[in-house]
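Here is a friendly tour of the pockets in this protein. Have a look at the model first, then read on.

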Amino acid sequence: MLILADAQKAYLAFLDVNYSYRFAKQMEQFKSNSVLGYRTAGSRAEFETGELLFHEMKRIGLTDVCKDAFTLDTWEFDHARLSFKDTGGTVRRFELGGYQTNFHTGGAKKFAIVSAGKGTAEELSGLNVEGKLVLIDINQRDDWWISYPVYQAHLHGAAAVIAVQNNGYGEVDSTALNAQNIAGPADAPAFSLSQADAHLLRNYIASCGGEAAVLFDASSTVGFDGTSYNIVGKIPGRDPDSMLLVSAHYDSYFSGFQDDNAAVALMLSIARSILASGYRPEKTLVFCAMAAEEWGVSNSKYDWSTGAYNEIFRVHPEWAGKVAANINFELPAYAHDTQDVIRCVYEYSTFLNAFVSKVPDITHLYPDGLSIVSPVMTWSDDFSMAIAGVPSMVNDFAEGSYMETHYHTQFDNDDAYDESIYRFHHALYGTLLLAYDRCAVPPLDFVPRLEALKDRIDIERMTQCGANASGLILSVNRALTAAELLYQQVCTLNHHYANALDSGDRSAADALYAKSRTLYAGLLSAFKFCEDRFTRLGWHDAVLFPHEYAQLNLALLDGALRALNAGDVNSALDHWLHQIDTTWYAYYFDEAVCRHFTDYVLHQPADRLMWGAGRICGLVDLVDVVKSLLRKRGGMQNLKSEIFILQNAEKELSQQLIESVSKEIEALDFLSAQLQELLKS
């Protein structure tokens with residue numbers, strides 16, 4: 001029996017980053033769009049890539065290789081091309097990117113095209129766009145998501161929107177195209193055009209007096225209730241019912257080298273190196289290539305992570321309670337910042353901080369070293385895993401400039417490949433997987449989540465509205481005491497178990513392992529309870545504790561009311577109201593647009609909301625107030641009606657905060673009892 005250090009050394013000896021790179025490149029051969037790439041949800045290209053992965057898993061020696069089928073909405077983006085002859089007689093032909101919408105021209109078809117600024121309600125109101133193409137600028141980081149101007153134009157009868165990234169994404173080059181999950185209805189078509197091509201097109205439109213004729217040839221198809229497949233293979237462990245899960249997604253925009261070919265190849269390479277090293281795991285190691293991460297449900301705010309959500313909630317719900325940890329990979333062959341980051345659930349931050357403290361110096365790769373942050377966020381598959389009860393983590397990829405420059409563009413290719421970073425991530429996550437394997441029970445520490453909850457208690461705000469702040473703090477402290485004792489017990493058990501394995505005393509290790517099964521299940525059950533009771537989402541997908549929703553909005557309402565009572569409409573609008581829920585969109589889009597994108601969250605079946613179902617705490621609907629205040633800017637106006645509405649919203653939120661705190665106290669007391677019971681096991 002190998003000691004852990006020797007097992008990790010043997011794993012590292014068999015690493016082959018060249019294999020990983022070659023396989024990542026091999027995945028590029030399957031394309032929905034012959035020019036741009038795209039391997040979209042439920043498409044033929046995604047299926048063919050899944051077949052490649054299925055056979056590769058078998059070839060490298062994984063067992064029980066299977067294709068887990070699930071139902072989703074599908075998207076085939078074959079092409080979108082626009083052409084015209086400019087006033088100088090030059091024929092211009094542009095290749096466009098696509099969004100998950102339906103649009104078929106049946107070959108090149110003549111359209112009128114107009115430019116509509118940012119595509120706001122005000123800008124569109126002065127244009128006749130019926131049956132026309134509408135060219136708009138968009139910055140999805142600083143302004144709004146693509147779905148809003150697209151739906152606004154759709155309500156005005158536009159044939160389709162052509163969006164040009166004006167910073168936010170695709171900043172790498174003026175020729176960059178961009179694609180994102182549309183988060184809107186399939187019958188509101190949208191495509192993307194580069195800044196360079198848009199410059200030529202705008203000049204042509206201007207030369208034609210503000211409306212021009214172009215030829216447009218597009219084929220983009222959304223299908224409903226299709227089928228896709230997650231590809232799964234295993235390295236059997238001594239215990240088939242205790243598992244570790246490694247995952248990455250294999251659908252992509254454009255060629256998707258970083259996002260997420262390199263991640264899938266990293267996952268397979270880890271499996272291949274473990275097999276080659278001869279290591280026999282204690283737990284069963286499961287490797288899952290997820291389909292449909294980029295998109296998979298039409299007309300839903302939560303339209304990504306479809307494959308992962310289906311895998312854990314519908315195909316293998318029994319994995320929750322068995323999987324001790326999920327290591328998920330995204331964009332792993334590039335240094336996104338001066339610091340490397342593992343983003344994990346709160347409960348794994350303590351273990352991971354101890355693990356990375358022993359990682360050799362990496363300042364030559366990351367000058368600011370390696371850090372651990374929590375919680376997991378909604379932008380990758382690990383969030384779906386976490387809320388199902390599988391403690392998860394991901395190599396964090398959201399910091400740094402790459403997301404604003406290369407991400408989701410045709411420049412996501414191997415030009416940005418960094419072999420040294422890729423090699424480091426092979427080493428880091430492979431050895432981490434082996435470290436988790438030598439734990440008898442999941443090394444979950446509930447202290448960080450409880451401390452985070454405590455840090456986000458605004459005692460003054462709670463007291464003002466009558467919420468039981470002192471009771472909440474008392475309950476948190478009780479739970480903290482139990483959590484601290486429990487983690488000490490977990491560490492002691494795992495330490496003795498690892499020592500038994502390292503010393504070759506299999507009988508002692510097996511005895512410790514057998515005695516710890518109740519604790520193993522109980523820890524995962526307590527983790528699932530925490531996710532169920534303490535993980536909520538804001539309207540912009542920020543992960544919140546339940547009380548934070550009302551607490552944050554009350555602070556904003558308070559500021560807005562103070563401004564309005566002083567007669568300062570501008571301050572109310574510019575500093576306070578726009579931060580509340582979806583109110584920002586009311587400044588720029590019609591009521592019907594704003595309502596659509598709140599109603600489809602509040603009044604849609606949970607199966608269409610997937611990982612967002614039940615996570616939104618409510619809605620402060622201020623569309624009418626904002627519209628009214630916008631009309632009253634700059635003049636002496638009677639503000640009584642707006643103040644009255646905000647005061648009522650404040651009363652409702654105060655009551656909601658009281659109830660949220662009460663429910664959190666109840667949940668914390670239950671968790672304390674759970675943890676106390678586990679201390680006896």
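## About the model

This is a predicted model, in which local features need pLDDT of at least 70, side-chain atom pairs count only at pLDDT 80 or more, and totals for chains, interfaces and linings use all residues. Residues are numbered from 1 along each chain as its sequence is written, and side-chain values use heavy atoms, with hydrogens and water left out.

## The largest pocket

The largest pocket holds about 1,200 Å³ of space. A pocket here is an open set of points on a 1 Å grid over the protein atoms alone, where a 1.4 Å probe fits, with protein on both sides within 12 Å along at least five of seven lines; its volume is the space filled by probe spheres set on the points.

Its lining (residues with an atom within 4 Å of a point) has 43 residues, and Trp145, Lys301, Trp304, His540 and Asp541 lie nearest the centre. Helix H18 (546–565) is among the elements that give two or more residues, and H18 gives the most, with five. Helices are DSSP runs (H or I, at least four residues), numbered from the N terminus.

By type, the lining has 22 nonpolar, eleven polar and ten charged residues. Ala, Val, Leu, Ile, Met, Phe, Trp, Tyr, Cys and Pro count as nonpolar, Asp, Glu, Lys and Arg as charged, and the others, Gly among them, as polar.

## The second largest pocket

About 800 Å³ of space lies in the second largest pocket. Leu4, Gln8, Phe355, Lys358 and Ala435 are the closest to its centre among 29 lining residues. The largest share of this lining, seven residues, comes from H15, and the lining divides into 19 nonpolar, six polar and four charged residues.
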